[in-house]
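Please read it alongside the sequence and coordinates shown here.

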Amino acid sequence: MNTRSPIPYPFQWTPPMEVPDGLRGLREKALVEVRLPSGDTAVMVTRYKDVRRLFADERLSKNIARPGVARISADNELFVDPEIDADPPDHTRMRGLVTKAFTARRIELLRPFAQAVTDDLVEKMAQGRGPVDLNEALAFPLPILVICKLLGIPPEDRNKFRGLVDGFLSVTKLPPQEVEECRKGLWDYLVELIAAKRADPEDDLIGALIKARDEDDNRLSEHELHFWTQSLLIAGYVTTASQIGTGTAVLLHRRDLVEEIRADYSLVPSAVEELLRTQIMGSSIGTLRYALTDIELSDGTMIKSGSSVLLSEESANMDESVFTDPFTLDIRRKENHHMTFGAGIHYCVGAALARMELQVATESLLRRFPDIRLAVPADALPRGLGGFMEGFSAIPVTW
């Protein structure tokens with residue numbers, strides 16, 4: 001690969017069902033310079049062993065509110081909040097408050113609810129006539145309704161906050177004024193929601209955070225309460241919704257894989273992991289970090305102190321030294337220790353929830369609609385451009 005510097009990032013997904021050409025040969029260098037949508041530059045770590053190690057390296061700070069850190073977007077202060085420190089010990093304290101709600105056991109207890117929601121959604125699909133947009137019929141409603149139940153958000157509010165979240169996650173899609181209106185609208189919505197839940201407490205995650213704020217020795221500030229409620233809402237459904245939609249689109253494009261799964265539904269978990277590994281729906285733009293000191297990589301390459309750094313999960317997932325035939329979609333792949341959920345202290349707290357929802361959605365859809373297929377050619381699927389997620393903005397399917 002030509003690793004001229006800097007490389008435009010995120011990489012372009014062409015053709016739509018294949019991993020970007022930018023990922024081929026990227027690991028020839030352990031570190032490459034990239035240009036972000038903001039126009040700022042950062043260095044990207046490309047190799048699996050370095051990416052995995054650096055996720056747990058406290059010399060690489062997740063606090064990107066400091067001066068001099070590259071910005072993701074020129075029009076949106078994505079994930080930048082001067083009042084929030086995403087590094088230990090504050091991160092450790094906050095993570096401890098939420099991890100109990102996301103244990104594997106608790107998530108399995110949510111599976112019947114997720115299954116019931118999915119059954120209802122696919123039955124509504126079946127009652128109509130194709131084509132329908134899979135995003136609107138299943139991919140977004142399922143994780144939104146599940147995260148509403150987990151957090152304690154009224155499900156009837158989902159259309160209200162979904163539009164605000166979409167604007168909040170704009171990278172280049174919306175002008176700054178509209179981005180700011182969405183950011184403020186989302187914050188104001190959560191202020192009202194938290195006030196209502198204070199007045200009428202319930203046994204849910206937001207209720208637990210309110211209790212930690214009001215009763216448990218002020219374990220978090222009022223601003224932290226609102227910030228982390230917002231973060232959990234956004235993270236709790238956006239990435240999973242995009243993965244359900246785009247992962248299903250990839251499967252439907254590969255009828256041989258659909259038939260393989262339908263012959264043996266025990267393949268669903270490994271198929272889900274393989275679709276997560278290929279990350280067709282996103283990039284690692286959200287892994288932006290700041291080097292507090294010089295950091296040496298495994299081949300002797302040095303990340304210089306003060307550098308803005310991206311930990312490339314999608315490049316790590318294509319590392320030929322770790323994965324056999326990494327550019328081949330193998331739904332029977334064993335030992336699939338991909339990096340899509342990160343690693344170390346910043347491993348995605350909602351990984352078990354996402355996996356469960358992806359498994360339920362995939363199996364339920366293929367069982368209910370044996371002949372489900374894309375209603376348009378794969379190259380006609382519109383990709384969502386200018387947002388934090390890069391999934392397909394519409395996925396017409398029929399049966």
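**Aromatic rings and helix packing**

Tryptophan 399 has a relative accessible area of 23%, so this residue is partly exposed. The model is predicted. Nine aromatic pairs occur in the structure.

**Aromatic pairs**

- Tyrosine 48 and phenylalanine 323 pair edge-to-face, at 5.9 Å centre to centre and with 75° between the planes.
- Tyrosine 48 lies in helix H1 (residues 48-55) and phenylalanine 323 in the loop between helix H12 (313-316) and H13, 275 residues apart; both are buried.
- Phenylalanine 369 and tryptophan 399 form a tilted pair, because their ring centres are 4.6 Å apart and their planes are at 40°.
- In that pair, phenylalanine 369 sits in the loop between H13 and strand E10 (373-374), and tryptophan 399 in the segment after strand E11 (396-398), 30 residues apart.
- Phenylalanine 369 counts as buried, at 3% relative accessibility.
- Phe140, Phe161, Tyr189 and Tyr237 are linked into a cluster by ring pairs.

**Charges over rings**

- Arginine 162 places its charged end over the ring of phenylalanine 140, 4.0 Å from the ring centre.

**Helix packing on H13**

- The axes of H11 (residues 268-278) and H13 (residues 351-368) come within 9 Å and cross at roughly 115°, in a right-handed crossing.
- The residues of this contact comprise five nonpolar, two polar and three charged.
- H9 (residues 222-253) and H13 have axes that come within 10 Å and cross at roughly 35°; this crossing is right-handed.
- The H9 contact with H13 involves six nonpolar, four polar and one charged residue.

How values were computed: Residues numbered from 1 in each chain as written. Predicted model: local features only at pLDDT ≥ 70, side-chain atom pairs only at ≥ 80, totals over all residues. Heavy atoms only, no water. Axes fitted to C-alpha atoms, helices over the stretch in contact; angles between N-to-C directions. Helix = DSSP H or I, 4+ residues; strand = E, 2+ residues; numbered from the N terminus. Left-handed = near helix turned anticlockwise from the far one by under 90°. Nonpolar A, V, L, I, M, F, W, Y, C, P; charged D, E, K, R; others polar. Phe/Tyr/Trp six-rings, centres within 6.5 Å; stacked < 30°, edge-to-face > 60°. Buried < 20%, exposed > 50% of the residue type's maximum accessible area, 1.4 Å probe, protein only. Lys NZ or Arg CZ within 6 Å of the ring centre and 35° of its normal.
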